[in-house]
Protein chains: 2
Amino acid sequence: MSKQQLLEERSGGCCTPIMVAALDSAAAGEGAAVFKALSDPIRLRLMSIIASAGKEVCVCDITGYFDVSAPTISHHLRVLREAGLVDCERRGTWVYYWPLPARLTWVSTLLSVPAAV
Amino acid sequence: MSKQQLLEERSGGCCTPIMVAALDSAAAGEGAAVFKALSDPIRLRLMSIIASAGKEVCVCDITGYFDVSAPTISHHLRVLREAGLVDCERRGTWVYYWPLPARLTWVSTLLSVPAAV
């Protein structure tokens with residue numbers, strides 16, 4: 001993903017912080033689903049590896065970080081993708097992942113503590 | 001909790017965003033535990049009610065928001081407290097809750113998308 005794409009993704013994410021307004025049931029369900037995807041230590045670390053890489057990450061470069069099987073890593077990556085936190089594309093033998101900053105911005109803003117509080 | 005206490009709490013929370021650096025196992029475990037506490041729709045909504053109130057919230061004013069039993073609400077509040085997201089104090093018959101902004105700031109910063117990305 002290019003820097004321009006990252007910027008466009010990021011600008012799409014916005015919401016009201018929970019310190020400003022309480023969530024309704026629908027928003028709470030949507031937010032909880034994202035936090036559930038981040039609630040596993042392996043998934044959160046996977047997310048951080050993909051998010052901090054600054055470029056697309058080949059799944060072949062990810063498995064070495066963890067002492068778990070490749071299918072387990074694939075399962076966790078699928079959960080992150082279904083939560084809208086990463087996307088991927090297969091090219092030849094390997095699958096490449098990149099972060100979706102809009103989703104990160106959305107949950108980050110949700111939990112932010114406004115200066116006026 | 002007073003505004004001053006809120007400000008002091010908030011200043012204590014800081015970390016490096018996952019878009020800047022990957023997490024090690026210990027930090028991933030700590031973050032995942034907080035996200036697990038927020039991964040249930042009732043708990044996330046509870047958290048938002050307490051966070052947005054702008055004052056301490058009596059548990060007697062919380063139960064009316066939800067179609068679940070008081071013991072279930074108490075269980076969810078305990079999970080939020082154990083995750084460091086809220087604190088509480090019993091006064092007479094009722095327990096009063098307030099948010100801990102340092103913890104919110106910590107996870108919000110963790111997921112933030114720096115402008116330089």
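1. The model is predicted, so local features need pLDDT of at least 70 and side-chain atom pairs count only at pLDDT 80 or more, while totals for chains, interfaces and linings use all residues. Residues are numbered from 1 along each chain as its sequence is written, chains are lettered from A in the order in which they are written, and side-chain values use heavy atoms, with hydrogens and water left out.

2. Chain A can be laid on chain B with an RMSD of 0.0 Å by a turn of 180° and a shift of 0.0 Å along the axis, where the superposition is by least squares on the C-alpha atoms of residues with pLDDT of at least 70 in both copies. The two copies are therefore related as by a two-fold rotation axis, and in chain A the C-alpha nearest this axis belongs to Ser108(A), at 2.2 Å from it.

3. The contact (heavy atoms within 4.5 Å) takes 41 residues from chain A and 42 residues from chain B. Because 100% of the interface residues of chain A are also interface residues in chain B, the copies meet through the same surface.

4. Between chain A and chain B there are zero salt bridges, a salt bridge being a side-chain nitrogen of Lys or Arg within 4 Å of a carboxyl oxygen of Asp or Glu.
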